[in-house]
Amino acid sequence: MDDYAVPAVQVRCRMVNSYPAVFSCDMPSLIEIEKAYGYEFLQAYLEGWIVNLREFVNVGKRMTDMQTFETAMIILQDYKYLTIADINLLFKRAKSGYYGKLYDRLDGQIILDWFRSYDKERAGAAVEESINEASKYNADCYERTSGQLAVKEHEFKKWQMQHFTNAKE
């Protein structure tokens, strides 16, 4: 699991800056980590991400260890399908101010708001990607073979009729 320590993931996912990049990134989901290592490990792992964030920001009203524990627990109730790449992108965005400035306060409600916003945007991006992928098959420039055969057969029959009609005259 050393490959998935917070600093290692930050380095490995440094170029993952969009939802499509997250979707194509080969990182385990939180539920997969839970299955492999257990819930307590997963809880502590997510707390490590929050502690990393706490150490990054310079606010007067810092989260306590108990608030960190509870925030991680609530996140795990609703967002176990997210991958480590998702977690990395979310916290990277939070650190850069994507979700707004932190006005001397960091707490569970703020982090949970970030998760809600991220999840909503992610769902929209997933729908868009799915529609784009499906449209590749709907607007296929190579028509189905049966359709091509029907057109060619119709053209041949027209040619036959014209050819034999002209030959009789």
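Reader: Which residues is T83 in contact with, leaving aside its neighbours within four places in sequence?

Author: Contact means heavy atoms within 4.5 Å. By that rule, T83 is in contact with V22, M27, P28 and S29. This is a predicted model: local features need pLDDT of at least 70, side-chain atom pairs count only at pLDDT 80 or more, and totals for chains, interfaces and linings use all residues. Residues are numbered from 1 along each chain as its sequence is written, and side-chain values use heavy atoms, with hydrogens and water left out.

Reader: Is T83 buried or exposed?

Author: Buried means under 20% relative accessible area, exposed over 50%, partly exposed in between (1.4 Å probe, protein chains only). T83 has 14%, so T83 is buried. T83 sits in the loop between α5 (65–78) and α6 (84–96). Helices here are DSSP runs (H or I, at least four residues), numbered from the N terminus.

Reader: How many disulfides does the structure hold?

Author: A disulfide is a covalent bond between the sulfur atoms of two cysteines. The test is a pair of cysteine sulfur atoms within 2.5 Å. The structure holds 0. The sulfur of C13 is 4.2 Å from that of C25, its closest cysteine sulfur, so the gap is too far for a bond. C13 is buried, at 0% relative accessibility. C25 is partly exposed, at 24%.

Reader: Which residues of α3 (residues 30–37) are buried?

Author: L30, I33 and E34 are. The face turned away carries the exposed residues K35 and A36.

Terms used:
Helix = DSSP H or I, 4+ residues; strand = E, 2+ residues; numbered from the N terminus.
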